[in-house]
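My entries are below, in the order I made them.

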Amino acid sequence: MALKHFLCRHYPFAAYGSLALLIMAPLLRPGFVFALDMVPTPVWRLPGQMTSSYLFYACMHALNFAIPADVLQKLLLLAIFLLAGLGMHKLVGKLHVSRVVSINQELGTYFSGTFYVVNPYTYSRFMAGQFAVLFGYALLPWFMGAVLGFLREPGWRKACKVGGLAAIIGIVSIHTLGLLLLILAIGTGLTARRLRQDPAALRRLTGLLALGVGVFIVLSSYWLLPLAVGHGTTASAISGFGAGDQQAFMTLGHGALGRLANIERLEGFWVEAQGLYRLPQALGPLWWPALGLVLGLAVTGAIQLWRTGKQHETIWLGLSVLLAAVLAAALVTPWLSTHVPLFAGYREPHKFAGLVALAYAVFAGNGVVAVLDQCQRQGAQAMLAVMAIFAALPFVFTPSMLLGGGRQLSTHQYPSGWFTVNARLNADPHQFKVLFLPWHLYMHFDFAGTIIANPAQNFFDKPTLVSNNPEFGRSSPNQPDSVKAYIAGHLLPDAQHHTDLAARLSHLHIKYIVLAEESDSSAYQYLDHQKGLRLTYSDSAIRLYKNDMFGRGE
């Protein structure tokens, strides 16, 4: 009996661990996995500024002393997929009416966990390399489970757990906090309405909720207080976002109905229009029937959940879907950005679709239970056929999720020349800055095999200046920076027509220029004709120029 109990407790871990390995299998080879916003470097560095994610990177930096950076990256991705599946599995388990779980309920629970990991939302974020967004998404069901337990039986330990989990999620993904706020506000509002005839219970709930919020504030104070007074990196970034950013990163779709339709099928992420990866529906004609089946299961599951006495939870999830869809479709974004503090930070509102995926997973899992209960009366053959369809459904709905995004992702190494240049820069004992060209934040790197964010700032040990402009639509620089604005607007354009670049770089304390042979590097041939610039290293991947005017006249 002890062995059986042990196996039952660890079946979910084994199941979702296997699923994570199936997703990551081709990416476990040596090397780094590059995607648009995922640009790992040989060293996980401490951030130069205090942000909400500082503690996360500090933890990764510490682990990097014992674990190679490429291995650490893959362990992180595996953990994200494992936590997402386990969290949903546990959340659905808390919604079961009785402690004795039937086989059909168990199968429905595994369907929910699998669907939460394998769906178009997680696929698009994975392919775009947004591991922080995925990390926050993976912890969403854990948070909702904690809130559910707190609202059922309020207590100070459970309140502290809710606040602590929110603080942890804020560390790994600050944007996920908006989704947490929706979950907490809707759940608490519904519970308060139910307790309106019991003032004592309502006061106790309010007091304990305040305790949980206090725990969150205390644990997040290192980044929350600077943000509250309008200082720090996060505050300056948000203040720089405007209508151009909202337009550039708008959820895809023709008009409001088109955006809502995309969200309904867990798509519409702005990166999908860039052609960087294949969309799930491009891989076969079964995708549309799979979508219809998913939606049908979700509706059936919502009805099933209501009929089993979980009206409170059904309304909670239903309202979450509606509000998340409205926010993800940017239907009220202009008004919220103007009137709600910090909402302007959601220049890419599609992140709220993660809450739609969560509700789909819960409802569809319950829909599986309802259908299996009906099929059980039709005989074993019908039961096995339906079980096979449900087991395959997440992978038909998102067939390109497995095996490293359908083998669209692979492992790569940095060119040896990058390491040589870094060693040469480190050999110079002076204090100086490095200018990295081409001057783009995002560009195609041959060694990565795709367009990625510029990794130079984290790759090189010396302070390295790279562009902060996404160059997408009318989007703003990620962080306002007067020096980078001067480089982009005056220094580099003028260098094409004058030969005094070295002297002007010296005033900015820039001693070296690193030119990667990528993208439009041929546009920088004028570097070879600048007075005071000397080429000191060159290979097929990278060039290093030294500013001989550095330090003169200072």
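I am working on a predicted model, in which local features need pLDDT of at least 70, side-chain atom pairs count only at pLDDT 80 or more, and totals for chains, interfaces and linings use all residues. Residues are numbered from 1 along each chain as its sequence is written, and side-chain values use heavy atoms, with hydrogens and water left out.

**Helix contact.** I took helices (H or I, at least four residues) and strands (E, at least two) as DSSP runs, numbered from the N terminus. I looked up α13 (residues 287-307) and α14 (residues 311-328): their axes come within 7 Å and cross at roughly 150°. Axes here are lines fitted to C-alpha atoms, for helices over the stretch in contact, with angles from 0 to 180 degrees between N-to-C directions. I noted the crossing of α13 and α14 as left-handed (the near helix is turned anticlockwise from the far one by less than a right angle). With contact meaning heavy atoms within 4.5 Å, Ala302, Leu305 and Trp306 of α13 meet Gln311, Thr314, Ile315 and Leu317 of α14. I sorted the residues of this contact into 5 nonpolar, 2 polar and no charged (Ala, Val, Leu, Ile, Met, Phe, Trp, Tyr, Cys and Pro are nonpolar, Asp, Glu, Lys and Arg charged, the others, Gly among them, polar).

**Ala302.** Is alanine 302 buried or exposed? Its relative accessible area is 17%, so I list alanine 302 as buried (under 20% is buried, over 50% exposed, in between partly exposed; 1.4 Å probe, protein chains only). Leaving out residues up to four places away in sequence, alanine 302 touches Thr314 and Phe363.

**Ring pairs.** I found 34 aromatic pairs in the structure (Phe, Tyr and Trp rings, the six-membered one for Trp, with centres within 6.5 Å; planes under 30 degrees apart are stacked, over 60 edge-to-face, the rest tilted). Phenylalanine 34 and phenylalanine 447 pair edge-to-face, at 5.7 Å centre to centre and 75° between the planes. Phenylalanine 34 sits in the loop between β1 (32-33) and α2 (54-63) and phenylalanine 447 in the loop between β4 (442-445) and β5 (450-453), so the pair ties together parts 413 residues apart in sequence. Phenylalanine 34 is buried at 2% relative accessibility, and phenylalanine 447 is buried at 10%. I also traced a cluster linked by ring pairs, with Phe34, Phe447, Tyr414 and Trp418 among its members.

**Phe269.** Phenylalanine 269 is buried at 0% relative accessible area. Arginine 125 lies over the face of phenylalanine 269, 3.8 Å from the ring centre (CZ of Arg or NZ of Lys within 6 Å of the centre and within 35 degrees of the ring normal).
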